[in-house]
Each structure stands twice: as structure tokens, then as C-alpha cells.
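This report goes through the structure shown below, from the whole chain down to single residues.

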Amino acid sequence: MTITHAPAPAAEVNAALPTEAPDHERVLVTRGPRSGLTIVVAVHSTRLGQALGGARLWRYGHWTDALADALRLSQAMTLKNAAAGLARGGGKSVVAIPAGVTLDENQKRDAMLDLGDAVESLGGAYMTAEDVGTSAELMAVVHERTEHVCGLPAEQGGVGEPADATAAGVHASIIATLGHVFGSTDATGRHLVISGLGQVGGRLARSLAAAGARLTVTDVAVDKRALADELGATWVDPADAHRVDADVFVPCGLGGVLTPEVVDELRVRAVVGAANNQLASRDVARLLTERRIVWAPDFVANAGGVIYLDVASEPDADQAALDARIAGIGDTVASVLRDAEQRGATTLEAAERLARARLDAAR
């Protein structure tokens, strides 16, 4: 593992960092010369191919929080890409905005140019794409400095943002989970609680409402309440969403939402969502199993976006085949849930077993 550091003030390492040495192939930590922002690019694995994972532009209390986030997310991308059957490794990039700082458009452009230089310096080991805080338009700026970026705007010959595909894959995962838990894949009348109505959560709310589901929704942005009114959904305070008595809890915001305390208060039969890294810690998977709450592992359920970026970027991409591949996420989820049940294991263990089998086959 090679770690490159730009000069930075000495500071105490944040507790969020792993206590053991990361098993990443390469980690780059640098300060962007234009933006002055800390940029982290973590390449966890290239065993299956070039690492692929999005670029996150987000606020952090300290740069070590950004490092911890990149390490955790890139490791999850290895599992996601392997479980999805892609010839891609796992990586992630994070551009850290200091707490209390807001970037204007020029500053965002500078940050993306710096990110492009950082990605380019890795010599093709990693390809980036949009993620939380970024967009297809910002990826076009990254593309000014490197070819190792996907998800560019359609008008520039790219495939655009993957939110539709991510939402479609999560929808398929919810349907598969309903079938596993209730014996029927019909969403009509099922009560789902969606926490987070962003790019993916909003699309998911629309598709589930169209499928006849009864929705309770929330978001930290109160203007999202307009979508609840449009869909005839019940609005709830974000802090109370996990306490709603329902069939499925659907986390679609930032990660770490499933803490022991939250799991203890859940009043649902299943959890399926678009958020990355939903478990606050590994032992939460066992707590969910003990409470007989079925959890569809996030890195399987939300793989639609990365499948879209990988497959749609091919010159001979076929839309029907791509749609079938994304719908097939539901089959993968169903297989993971059955395997966990048959083995008396957690769904996390079952999903990791699937991903590692594919990684081991590539040795």
C-alpha cells in the first residue's frame, strides 16, 4: 500500500479511523493546489479490474473524517462491484469541505480540477463518477484533467447520472424482499417509510407510489414535503422515521443510520434502502437478525448505479440488456436472503460470501 500525503497541520487522528492497518492497495491524500481542499482517493482493490467508485463532495469536521469515509466507502465498493458481477475493483474519492464553509461555483470547479489531477496521478488504477455532492456536470470538469471518469452529461457523449438505475435496482430489491418476508411480491397496500428524498429517494418514492404502496416519507430538507403532498404520502420528522410502524424501512440518506439504538426502536419487518454503509458497525447485522428484521445488504441492493455506469459506458451497450441486468438485482437479493436463512447467518455474511467468492475466482 502506498500512501502519499501533502503537507498538513499535525492533528490528533479522529476516532472514526480504523484501528487496524487498511487493506487498501493505494491511498492518496493531497491538498488541491487550486482549491486548497483536502482530497482523498482510496483504491481498495483492482483484483477484478480498474477500481470504480464515485466522488463525494462533503463537509467534514476534520480531514481525517474524510479519510475514514474514503477508506470505508472504497472497501464497500469492492464488495458492491464483485457482488454485481462486474469486472471492476473498488475505489472512492472524497473532497473534504471544512465545517462551516460553502463553495461557490468557481470554487467547486477548482475542486473538480484538483480531483481530476489526483485521479490522473494514479495512472488508471481508479475511475471516478458522481456521488453525494457531485453531478454529471461536475464530472465534466474532472474530465478536463483525466480520462478516468464516467457518468458525463449526455450532451458530451456520456451516459449521465445513474440515479434512475440506482432507484430501479433498489425498487427491485424491495420487491424481492417483500416476496421473502411476506410470500408475495405485490407492493399494493404495503407501508414503506422512506428516509431521504434526494436524487434516488425521490425517484423511489414515485415508483413505489405508482406500484400501490402506502408511503411515509421524510427528509432534512423541508421543501421535499411538496413531494409527499404530490404523492399523498404521510410526512414525518426525520428523527422519528425509524419509529413508524410499517412493513419496510427504506434509508436513502447518508450512511451509518442503523445503530444499535435505532435497530432497537425499529417497528418494521425489513430494511431495504439506497444509502451506502447503512450499518453503524458490523454487529448491527446480528442485532437485526435477532430482532427478526430482514436487511437487504446495501452494497447489493443499491448496485444499479454502478452497473449502469459500467455497462452503459460500453460502445455496444444495449438498453434492454442493461434494464434486465438492473432488474436482476432483485434476484441477487432474493438469493442472499435465502442463503442467510438456510445457513442461520446474517444477510451481511451471506452477501460478503457472494462477493468474496467472485473475488477469489479472480485470483
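Predicted model: local features only at pLDDT ≥ 70, side-chain atom pairs only at ≥ 80, totals over all residues.

Residues are numbered from 1 along each chain as its sequence is written, and side-chain values use heavy atoms, with hydrogens and water left out.

**Overall form**

The protein has 13 helices and 13 strands; these are DSSP runs numbered from the N terminus, with helices being H or I of at least four residues and strands E of at least two. Its radius of gyration is 20 Å, close to the 21 Å that the globule rule gives for 363 residues, so the protein is as compact as a globular protein of that length. The radius is taken over C-alpha atoms, and the rule is 2.2 Å times the number of residues to the power 0.38. The C-alpha trace spans about 55 × 50 × 45 Å along its principal axes.

Of the 363 residues, 55% are buried. Buried means under 20% relative accessible area, exposed over 50%, and partly exposed in between (1.4 Å probe, protein chains only).

Contact means heavy atoms within 4.5 Å. Among contacts between residues at least 6 apart in sequence, 65% join residues at least 24 apart.

**Nonpolar cores**

In soluble globular proteins, nonpolar side chains tend to be buried together. A nonpolar core here is a set of buried Ala, Val, Leu, Ile, Met, Phe, Trp, Tyr and Cys residues joined through side-chain atoms within 4.5 Å. The largest such core has 85 residues, and those that touch the most other members are I174, I194, L215, L258, L266, L288 and I307. Helix α4 (residues 163–182) gives the most to this core, with nine residues. Another core, of 25 residues, lies apart from it and includes A51, L103, V149 and L152.

Leaving out residues up to four places away in sequence, L266 touches H242, F249, L258, V271, L288, R291 and I293.

L337 lies in helix α12 (residues 329–343) and counts as buried because its relative accessibility is 2%. Beyond four places in sequence, L337 touches T177, H180, V294, W295, A296 and T347.

A228 belongs to helix α6 (residues 225–231); with 1% relative accessibility, A228 is buried too. Its contacts beyond four places in sequence are V217, A233 and W235.

The table gives one C-alpha to C-alpha distance for each residue.

| Pair | Apart in sequence | C-alpha to C-alpha |
|---|---|---|
| L337 and A351 | 14 residues | 8.5 Å |
| A228 and R206 | 22 residues | 9.7 Å |

**Two loop residues with positive phi**

Most residues other than glycine have a negative phi, and most peptide bonds are trans. N277 is not a glycine, yet its phi is positive, near 45°. N277 sits in the loop between β12 (270–271) and α8 (283–290), and its 15% relative accessibility makes N277 buried.

R292 also is not a glycine and has a positive phi, of about 60°. R292 is in the loop between α8 and β13 (294–295). Is R292 buried or exposed? R292 is exposed, because its relative accessible area is 72%.
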